[in-house]
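Please look through the sequence and the model shown here before reading on.

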Amino acid sequence: MRQLTRFVWLLLAVGALPGCGGTRGTAPRPTGSATLTIEWPQRSRLIPAASNSVAVQVLDLGVPIVHQIADRPASGGFSTITLANLPVGDLEVAADAFPLTGAQGTPQATGRAPIRIEAGKTTDFALTLASTIARVWVDPPGPTVVVGRTTLLNARATMAEGAGGALVLVAPEKWAWRSANPAVATVNATGSQADVIGVTEGAAKIIATDTESGVSGWVEVTVTATPTQTRIAFSRPNGAGGWSIFTRYPDGTGETQVTTGAFMDVQPAWSADATRIAFSSNRPGTGSDIHVMNADGTGLTRVTVPTDIDGDGAVATGEQNWQTGRPSWSPDGTQIAFEVACVAGASICTVNADGTGFQRLTDLGTTCTSPSWSPDGAAIAYDVGTTATSVWVKTLATATETQVALDGRHPMWSPDGRRLACTTGAELFLINADGTGRVGLGVDAGRPAWSPDGSRLAFRRFPPTGGSELWFINADGTGAVRFTDPAVEEDFPAWALR
Ligand SMILES: [Ca+2]
């Protein structure tokens with residue numbers, strides 16, 4: 001059973017008066033009257049602080065015979081209700097406190113008490129109101145917060161389910177919050193809202209109490225460590241006559257050279273589960289083909305082989321010398337989209353990750369490059385054109401091709417699938433996937449790559465001193481900062497999503 005703090009509300013029945021006399025025989029029941037005085041306390045006790053009216057009923061054998069409302073006076077103090085023509089005898093008084101004047105809103109407290117109206121006597125009695133709050137809720141359920149960061153919780157009080165579970169207004173100052181484990185999470189509250197600050201990894205109950213009713217609710221907050229960094233892959237001259245794939249963390253630590261040799265290993269792309277990297281390489285026996293390896297460089301496999309791309313039944317010389325590049329994984333990791341420069345322009349093609357199932361997606365004779373597979377797997381974005389390019393999206397189920405930007409290249413889907421990062425060559429820009437909402441980020445940039453949470457982008461920049469280097473920028477255009485050593489050439493950033 002829940003222990004409810006009682007609101008004591010003093011009702012004074014002053015001078016129940018003799019009624020007008022009746023006549024013999026069929027004489028009606030004599031009547032009296034009562035004057036009820038409501039003490040409106042400072043907003044601290046007795047009736048709920050957030051209450052602004054009290055409705056009083058007098059019941060005779062359960063039947064309401066009188067109903068009056070007292071609103072809280074502006075200055076507090078007392079309200080007087082005169083109840084006239086009450087029948088002498090045993091009656092009952094019922095009272096409810098409401099958040100709004102005029103007895104409007106969900107009752108916050110309620111109570112009943114017997115009252116005896118006696119001719120010529122004064123009766124003092126007290127009526128006790130109990131809170132209607134049956135439950136306190138803390139939202140959202142199951143919150144998490146990172147160490148050193150803050151998450152917002154909200155408390156609300158409701159009546160019992162049987163009473164409709166209606167929200168009951170609580171005065172802001174009547175909420176009290178505490179953390180059952182301040183070593184894990186602390187709480188900083190204002191009224192029904194509280195900021196929870198993660199202190200160290202673990203779980204902590206955060207408890208909200210309506211101090212008037214004494215009813216509490218809680219939620220368990222999970223405090224997690226600072227998110228683990230995910231690696232960024234890129235390509236760089238390896239000092240052995242080629243370019244190799246490297247990975248390192250965004251803070252610059254943990255650099256690893258993943259491929260070696262005098263080959264052009266470029267344009268890495270992470271599988272969605274970050275276990276594999278696809279890239280373009282001119283390894284022996286290939287012109288330039290898509291290869292796949294585990295993220296540590298093991299299990300390196302060539303995926304594409306020159307193919308009869310024009311469908312004339314023969315792999316002509318031009319097809320044998322095709323140049324593939326810019327792989328992009330399907331989100332389920334089963335397919336790779338890539339560009340093929342061949343006999344006629346360049347085309348977007350797909351292949352299964354095991355090398356089977358080659359398909360050409362775009363027309364021969366149109367130069368289509370830089371595919372990016374949407375996170376939901378339903379579409380592929382790419383650029384069209386050679387020097388003047390535009391950005392298109394192909395919906396795979398319908399083969400519908402839609403131009404989403406009149407200029408721009410290197411489209412890259414944001415992890416949430418809502419936006420594309422592109423570059424004009426002169427400026428990095430973001431657009432919604434339907435082409436609306438274009439925002440320029442004010443940096444000259446190529447080959448954008450989104451961070452896993454979509455808050456940042458890595459990109460390639462050509463510094464005035466020559467070469468190329470990698471930079472970061474926040475997705476709102478702030479915080480541009482260099483990532484790699486300006487003395488060394490780097491290109492093709494790819495950010496692992498996990
Ligand atoms: Ca052919």
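**A hairpin and its surroundings**

In the hairpin formed by β14 and β15, two residues lie between the strands, and one of them, Gly-191, takes a positive phi near 60 degrees. Strands here, like helices, are DSSP runs numbered from the N terminus (strands E, at least two residues; helices H or I, at least four). This is a predicted model, in which local features need pLDDT of at least 70 and side-chain atom pairs count only at pLDDT 80 or more, while totals for chains, interfaces and linings use all residues. Residues are numbered from 1 along each chain as its sequence is written.

Strand β14 (residues 185-190) pairs with β15 in the antiparallel sense over six bridges, two strands being paired if DSSP finds at least two bridges between them. Thr-190 has Gln-193 of β15 as its bridge partner. Strand β11 (residues 150-158) also pairs with β15, antiparallel and over five bridges, and there Asn-154 stands opposite Gln-193. In a regular strand the side chains alternate between the two faces of the sheet. Strand β15 (residues 193-198) has Ala-194, Val-196 and Gly-198 on a covered face, and Gln-193, Asp-195 and Ile-197 on an uncovered one.

Strands β34 (residues 419-423) and β35 (residues 428-432) are joined by five bridges in the antiparallel sense, and Ala-421 stands opposite Leu-430 in β35.

The largest nonpolar core has 68 residues, and those with the most contacts inside it are Ile-277, Ile-336, Ala-381 and Leu-420. Strand β30 (residues 379-384) gives the most to this core, with five residues. A second, separate core of 27 residues includes Val-136, Trp-177, Ala-185 and Val-221. Such a core is a set of buried Ala, Val, Leu, Ile, Met, Phe, Trp, Tyr and Cys residues joined through C-beta atoms within 7 Å; a residue is buried if 20 or more other C-beta atoms lie within 10 Å of its own, exposed if 12 or fewer, and partly exposed in between, with C-beta atoms placed from the backbone.

Over the whole protein chain there are one helix and 41 strands, and 38% of the 498 residues count as buried. The mean pLDDT (the predictor's confidence in each residue, from 0 to 100) is 87, and 88% of the residues reach 70 or more.
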